[in-house]
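We will walk from stop to stop, picking a few things to select at each one.

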Amino acid sequence: MNRNNDTLAHERVSPVEAPLQRETSNAELIQVDALIRATEARRAFGVAGRRTTVAVLDTGLRTTHRDFAGRVRASRNFTADNGGDPDDATDGQGHGTNVGGIICAGDLHIGMAPEAGIVPVKVLDDTGSGSFTAVLDALRWVFDQRAALGITAVCMSLGASDNRTTDSDLAGDAIGRAMADLTAAGVVCCVAAGNDFFAHDSAQGMSYPAIFRETLSVGAVYDSDVGPFSYDSGARVTESGPDRITPFSQRLHESVGGACATDIFAPGAPTTSSGIAGDTGESVQHGTSQATPVVAGVVLLLQDLHLKVTGRPPSAADVRRWLLAGAVSINDGDDERDNVRNTGLDFPRISAVGALEACARDIGAEVGAVVAAAATK
């Protein structure tokens, strides 16, 4: 990895909000699972992520939570929290634990890939703030440790508060280079598109670093009619519904952004997941921060299937292609009830079943054959 002439487009990460914490009441991610058919996909293809590991760059993780028992491969801290101990990524804010649970909770809550390993990398402190220097250091650490820890994906539910339509002016950016290196090595980098669509007057675009074409950038939709919501940014929805894009989610269509467009949408409002109040705690939050780990979890399922059938990890480009080949087309503006200007354009929304079917077709594996093979491995 090239470590010379570091430049960064931004110094500070936009602070992430702390999720609502409560006692556990749900044994599954009900807001996500039904829409993208994750449980159906895991059962049909006999995968749950056990051959994969995700690095979560966030506020850390409650590593003692029952949802992650026996699957925390390592921890790394790039903040001054926890006494500055580089091996202590304890989450005192909650965002990272919510995100990690969406990806791979495997006990009281069930994430997308409930048998995957997880590596919490604390780049945001317990106020939810952080620097892109820490993010860069973390990405480089992940690159160096990827083989030893079996890291196959990175989840970054963070970003600046800007709104970009291209990465062409960021050729020298060190974070862009770091993610390009990881992508070339087969590590899929999933990054939140940003939550400032209303704040940017409904202009198309995405935040840094989601704008880099090497990322798998993720926007957010509602999974069902979960009522009206008002957000701190000023975004409001008077009526939510399945596959309606959330009013806060930044979005960039390929007709405007080309290769830098928003890759895919996923349910992200609201999402129930693991919490930090205790080892059985629960949390609830809205955001592209919650949609991004949904996609990261499905990425792990795809990688798991490919590894099981072929014995080799897939390329990041193949993973992206399967996600898009199996996606559902949604329209931004056909049924949205919100206070933003919708684009009227079509975007892809993730389907776990569709993505795994696309992968299986490519590697010549029928569903039945995959399931039979799973029983012997």
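**Stop 1: helix 5**

Start by selecting residues 174-184, which form helix 5; 8 of its 11 residues are buried, so this helix is mostly covered (buried means under 20% relative accessible area, exposed over 50%, and partly exposed in between, with a 1.4 Å probe and protein chains only). Helices here are DSSP runs of H or I with at least four residues, strands are DSSP runs of E with at least two, and both are numbered from the N terminus.

Before going further, note that this is a predicted model, in which local features need pLDDT of at least 70 and side-chain atom pairs count only at pLDDT 80 or more, while totals for chains, interfaces and linings use all residues. Residues are numbered from 1 along each chain as its sequence is written, and side-chain values use heavy atoms, with hydrogens and water left out.

Now show the side chains of helix 5. The buried residues are Ala 174, Ile 175, Gly 176, Arg 177, Ala 178, Met 179, Leu 182 and Thr 183. What covers them? Among the covering elements are helix 4 (132-149), strand 7 (153-156), strand 8 (188-192) and helix 8 (316-325).

Look at the two ends next. Just after the helix, Gly 186 has a positive phi of about 90 degrees.

**Stop 2: helix 4 against helix 5**

Helix 4 and helix 5 pack at an angle of about 20 degrees, and their axes are 10 Å apart (axes are lines fitted to C-alpha atoms, for helices over the stretch in contact, and angles run from 0 to 180 degrees between N-to-C directions). The two helices are therefore roughly parallel to each other (angles under 35 degrees count as roughly parallel, over 145 as roughly antiparallel, 65 to 115 as roughly perpendicular and the rest as oblique). On the helix 4 side, the residues making contact are Phe 132, Val 135, Leu 136, Leu 139, Arg 140, Val 142 and Phe 143; contact means heavy atoms within 4.5 Å.

**Stop 3: helix 7 and helix 9**

Select residues 288-310 for helix 7 and 352-362 for helix 9, which pack at about 25 degrees with their axes 10 Å apart. That makes helix 7 roughly parallel to helix 9. Helix 7 contributes Val 298, Leu 301, Leu 302 and Leu 305 to the contact, while helix 9 brings Ala 352, Ala 355, Leu 356, Cys 359 and Ala 360.

**Stop 4**

Next, find the open sheet with strand order 2-14-13 and antiparallel pairing (two strands pair if DSSP finds at least two bridges between them). Its edges are strand 2 (20-23) and strand 13 (271-274), each pairing on one side only. Zoom in on strand 13 and strand 14 (residues 281-285), which are joined by 4 bridges. Thr 272 has Val 284 of strand 14 as its bridge partner. Then bring up helix 3 (residues 95-104), which lies across strands 13 and 14 and runs at about 100 degrees to strand 13.

**Stop 5**

**Stop 6**

Is Thr 53 buried or exposed? Select it in strand 3 (residues 53-58): at 3% relative accessibility, Thr 53 counts as buried. Its contacts beyond four places in sequence include Arg 73, Ile 118, Leu 149 and Leu 300.

Ile 264, in strand 12 (residues 264-269), is buried too, at 1% relative accessibility. Its C-alpha is 8.7 Å from that of Ala 220, 44 residues apart in sequence.

Finish at Ala 34 in helix 1 (residues 30-36), which is exposed with a relative accessible area of 64%. Draw a line from its C-alpha to that of Asp 223: they are 189 residues apart along the chain and separated by 8.0 Å.
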